[in-house]
Amino acid sequence: MAFLDGTTQTNQPPVQKSDDAAGYYTLGAPLVDPVAPTGPIADRWKNRKFENRLVNPANRRKLDIIIVGTGLAGGAAAATLGEAGYNVSTFCYQDSPRRAHSIAAQGGINAAKNYKEDGDSTHRLFYDTVKGGDYRARENNVYRLAEESANIIDQCVAQGVPFAREYGGLLDNRSFGGVQVSRTFYARGQTGQQLLIGAYQAMERQVAAGTVKQYTRHEMLEVILVDGKARGIVTRDMVTGAIDTHLADVVVLATGGYGNVFYLSTNAMGSNVTAAWRAHRKGAYMANPCYTQIHPTCIPVTGDHQSKLTLMSESLRNDGRIWVPKDPKDADKDPRDIPEEARDYFLERIYPAFGNLVPRDIASRAAKYQCDDGKGVGPLVKEVDEHGVERMVRRGVYLDFTEAISRLGEDGVREKYDNLFDMYARITGENPYETPMRIYPAVHYVMGGLWVDYHLQSSIEGLFVAGEANFSDHGANRLGASALMQGLADGYFVLPNTIREYLADGPFDKIDESHPSVVAARTEVEERINRFMTIGGTRSADSFHKELGRIMWEYCGMERTETGLKKAIGLIRDLKKAFWSDLKVLGTADTLNQSLEKAGRVIDFIELGELMCIDALNRRESCGGHFRAESQTEDGEAMRHDDEFAYVAAWEFGGEDGLPVLHKEDLIYTAIEMKQRSYK
Amino acid sequence: MNLTLKIWRQKDATSAGALKTYTVDGISPDMSFLEMLDELNEQLNEKGEEPVAFDNDCREGICGMCSLMINGQPHGPEVTTTCQLHMRSFKSGDTITIEPWRADSFPIIKDLVVDRSAFDRIIQSGGFISANTGSAPEANSVPAPRDKAMRAFNVATCIGCGGCVAACPNGSASLFLGAKITHLGELPQGQPERYTRVVDMVGQHDHEGFGGCTNIGECAAACPKEIPLDVISQLNKDLRTAMQMGL
């Protein structure tokens with residue numbers, strides 16, 4: 001089918017034949033992006049920026065914007081909207097916006113600058129990203145992301161972000177997993193930190209200018225809807241326990257991802273889903289919640305005491321070679337004593353074109369299979385399998401820099417990866433310059449999130465969602481160095497240009513604290529907190545969180561099956577009951593109370609976990625990091641089913657005891673042809 | 001490992017605090033210091049005693065949220081963040097004293113949690129480059145010499161934890177300040193505001209009640225990101241130049 005703009009529709013809307021999740025959900029009306037642009041793809045964003053109405057400077061002063069979350073997306077949006085002259089209020093749970101978890105991103109940020117003249121372009125970055133996301137991202141949003149990528153670098157350099165440079169003083173690049181060009185800009189292994197500090201400083205500049213008001217140690221616990229529109233939030237001051245309402249013309253959530261649903265993940269301890277989940281319960285659809293990215297290069301788990309996992313930048317795969325002993329009997333030998341011919345460089349063997357730089361999902365799964373086959377290295381750890389049987393497995397593969405050290409010298413390697421090597425040494429007590437590192441996949445980033453249209457507006461009018469908290473740009477998988485790109489593109493460039501179309505209708509009718517909807521939202525929060533405090537059971541919130549994490553990792557982690565997911569849903573429902581009858585929160589609600597904070601987050605994770613399993617159960621296909629064992633090729637690779645599942649699964653809250661409602665948004669590609677991914 | 005912990009307990013900003021003694025057992029040397037505290041808190045919760053409040057977030061040594069004076073040293077005996085300090089640095093049977101940051105400019109909120117918002121206000125006073133969004137020139141149109149960019153990066157790694165202030169007998173934040181002044185001052189983009197920036201930031205630093213620098217060097221010795229002491233020389237040099245300019 002040809003369109004007027006000369007593009008061709010390359011796939012048909014899917015017809016879902018399988019229904020594994022029957023009985024766990026109800027089917028709602030199909031969903032479309034009401035503001036999706038059409039026309040030649042390269043012009044869509046440019047045209048939209050022009051079409052969106054303007055708000056004149058005198059009117060901007062009369063408009064109030066609430067931004068929840070002050071990482072890359074929220075901080076950048078606050079800086080830009082504040083500078084434009086709107087009244088912005090920002091909220092974060094940390095003691096300073098500079099602590100947002102964007103700060104922990106290590107490797108880099110992509111931009112189609114083509115500084116290396118190696119064939120890069122906006123279109124190629126767009127293509128790589130859609131392909132990397134296994135054709136489950138929206139092409140409109142991804143193209144816009146690729147287009148804005150070059151501006152991000154300009155912006156950050158102007159702010160003083162100290163990117164790596166070459167001797168001539170120009171910017172340096174490196175390559176990342178899933179691509180064959182060098183388009184990644186970096187600041188050693190601390191790119192996220194430098195970008196975040198840039199956004200934070202830009203935002204603090206606006207705080208000083210009086211356009212941005214900053215609330216720290218505040219947690220958003222409810223969204224306030226008036227006549228179906230988001231008009232404010234309810235927060236808890238985490239120091240005094242005060243429950244406050246904040247009203248505005250528009251609310252932006254830039255609250256990051258929910259990887260902590262797995263308990264062990266690379267997320268910060270405080271990263272949570274509460275803001276997004278409270279919005280979901282009020283009518284914002286949650287899209288593709290089961291899309292979790294498992295990152296291949298994390299430091300392996302060592303025992304039950306562990307509170308989190310630490311990622312080692314994927315950039316290490318540029319120089320490190322991944323291998324396991326060919327013979328399981330070599331598992332506990334000193335790796336340096338294992339001769340070359342007894343090593344299996346499995347990624348280089350199976351995927352010769354990309355080698356160690358295959359995308360994250362491919363590298364992760366390959367490592368898992370090696371360990372499942374008994375070829376893993378490191379300490380034996382206890383696991384419980386699907387049938388409840390205990391087993392001892394080694395969960396680690398080597399990431400070896402011997403060859404890189406002989407090529408670049410130890411100093412050369414130190415210059416590129418110094419802090420990562422130090423971090424590894426500190427956590428494991430081993431010197432990675434002398435003996436190969438051990439790595440294993442861990443939960444890192446989530447591609448699912450609140451559903452948004454092209455303007456980043458959720459299914460609640462006036463509620464916008466930016467960065468990792470929305471679902472739109474990464475599909476079923478995320479390539480390296482694309483998360484920072486999305487956060488900053490949304491914050492600096494996209495949201496400020498789309499939100500004005502909404503705000504051009506404002507200022508909206510003034511409401512005050514006594515409005516019935518405001519009072520109701522506030523009461524809801526107070527009653528909920530009171531409920532946590534008065535259960536008086538025996539178990540800490542943390543113990544529920546750990547149990548949820550084990551269920552999620554076992555049944556909704558790297559590999560999923562119909563039986564496993566159904567079992568998980570049952571376990572999670574039991575866990576939810578146990579939570580409400582056996583939770584114990586000590587202390588009082590009117591002081592800093594970290595147990596109370598955790599309780600609120602954990603129950604939201606439990607509810608989300610159930611929805612993730614239902615989403616995973618419905619999607620009987622393997623794509624990206626989501627591997628359904630029932631859907632694989634003869635040689636064990638992920639097998640997509642575009643004829644059935646080329647859609648975004650947007651879930652509507654079905655009520656406290658109701659079933660979630662599935663709305664499908666068809667993914668129609670006009671500028672790109674859907675292909676099976678192959679990295680061989 | 002079995003440990004005796006002496007921990008500062010303080011109900012809120014206005015109450016008096018005191019050290020309280022606890023014992024924990026079953027601590028693995030592979031645990032981080034914060035995981036050891038998690039374990040203590042689980043044990044306290046079971047016993048019906050309110051868990052100890054402490055700040056932490058990324059647990060990867062980069063967000064700067066974790067703090068704690070451990071046996072009188074910021075972040076403890078190793079040059080690292082508290083989250084990256086592991087129990088293998090201690091021996092079974094040890095007694096460990098755990099207190100909040102000690103500095104008037106970082107008032108205690110509860111137990112081991114302090115208020116470091118003064119750092120945000122110092123940044124607000126000038127710790128940025130005034131670049132409006134959307135109007136930036138092409139990134140490679142302003143080359144930055146590699147050695148200067150490297151130095152800027154090396155000091156931009158400051159995580160704003162406040163360990164330098166806690167280590168300083170004067171409660172000075174000069175290392176934090178010097179790191180930011182040097183980061184922005186080394187780059188071509190940072191030049192236009194270079195001298196007004198240092199005057200404004202030093203002014204805010206003093207206004208917040210941080211002490212003056214007397215070159216003791218405890219800050220740099222304690223800094224988990226190994227920010228070098230010479231950023232303070234850079235700070236003083238820029239301040240002197242600004243004074244000569246009459247700013």
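Tutor: Before we start, one term: helices (H or I, at least four residues) are DSSP runs, numbered from the N terminus. Also keep in mind that this is a predicted model.

Student: Thanks! Which helix gives the largest share of the lining of the second largest pocket?

Tutor: About 620 Å³ of space lies in this pocket. Of its 26 lining residues, the closest to the centre are A:Q190, A:N419, A:D422, B:P224 and B:K225. Two elements give two or more residues to the lining, α10 of chain A and α3 (146-156) of chain B. The largest share, 5 residues, comes from α10(A).

Student: And how do the residues of that lining divide by class?

Tutor: Among the residues closest to the centre of the second largest pocket are A:D422 and B:K225. Taken as a whole, the lining divides into 9 nonpolar, 10 polar and 7 charged residues.

Student: Let's turn to the largest pocket. Which residues lie closest to its centre?

Tutor: The largest pocket has a volume of about 1,500 Å³. It is lined by 46 residues, and the closest to its centre are A:E383, A:V384, A:R550, A:W553 and A:E554.

Student: Which element supplies the largest share of the lining of the largest pocket?

Tutor: Several elements of chain A each supply at least two residues of this lining, including α9 (360-372), β15 (380-384), β18 (437-446) and α14 (562-582). By class, the lining has 22 nonpolar, 8 polar and 16 charged residues. The largest share, 8 residues, comes from α13(A).

Student: How many cavities does a search of the whole structure find?

Tutor: The search counts cavities of 30 Å³ or more. With that cut-off, the number found is 12.

Student: Which element gives the largest share of the lining of the second largest cavity?

Tutor: The volume of this cavity is about 700 Å³. Of its 39 lining residues, the closest to the centre are A:Q594, A:E597, A:K598, A:R601 and B:N56. At least two lining residues each come from α13 (541-556) and α15 (594-618) of chain A and from α1 (33-47) of chain B. The largest share, 7 residues, is supplied by α15(A).

Student: How do the residues of the lining of the second largest cavity divide?

Tutor: Among the residues closest to the centre of this cavity are A:E597 and B:N56. The whole lining divides into 13 nonpolar, 13 polar and 13 charged.

Student: Now the interface. How much area do chain A and chain B bury between them?

Tutor: The size of an interface is often given as the accessible area lost when the parts come together. Here the contact takes 76 residues from chain A and 77 residues from chain B. Of the buried area, 49% is on carbon and sulfur atoms, and the total is about 6,300 Å².

Student: Which three residues supply more of the area that chain A buries against chain B than any other three?

Tutor: The share of these three is 11% of the area that chain A buries. They are A:R99, A:R205 and A:R426.

Student: How many salt bridges are there between chain A and chain B?

Tutor: One salt bridge links the side chains of A:D95 and B:R116, at 3.3 Å from N to O. The count between the chains is 6.

Student: Finally, which helix supplies the largest share of the side of chain A that touches chain B?

Tutor: Across the interface there are 48 residue pairs in polar contact, both at pLDDT 80 or more. On the chain A side, elements that each supply at least two residues include α3 (72-84), α5 (139-159), α6 (191-209) and α11 (483-503). The largest share, 9 residues, comes from α6(A).

Key. Residues are numbered from 1 along each chain as its sequence is written. Chains are lettered from A and ligands numbered from 1 in the order in which they are written. This is a predicted model: local features need pLDDT of at least 70, side-chain atom pairs count only at pLDDT 80 or more; totals for chains, interfaces and linings use all residues. Side-chain values use heavy atoms; hydrogens and water are left out. On a 1 Å grid over the protein atoms alone, a cavity is a set of points where a 1.4 Å probe fits but cannot get out, and a pocket is an open set with protein on both sides within 12 Å along at least five of seven lines; lining residues have an atom within 4 Å of a point. Grid points are joined across faces, edges and corners, and a volume is the space filled by probe spheres set on the points. Ala, Val, Leu, Ile, Met, Phe, Trp, Tyr, Cys and Pro count as nonpolar, Asp, Glu, Lys and Arg as charged, and the others, Gly among them, as polar. Contact means heavy atoms within 4.5 Å. Buried area is the accessible area (1.4 Å probe) that two parts lose on being put together, summed over both. A salt bridge is a side-chain nitrogen of Lys or Arg within 4 Å of a carboxyl oxygen of Asp or Glu. A polar contact is a pair of N or O atoms within 3.5 Å; within protein, one must be able to donate a hydrogen and the other to accept it, and residues adjacent in sequence count only if both atoms are side-chain atoms.
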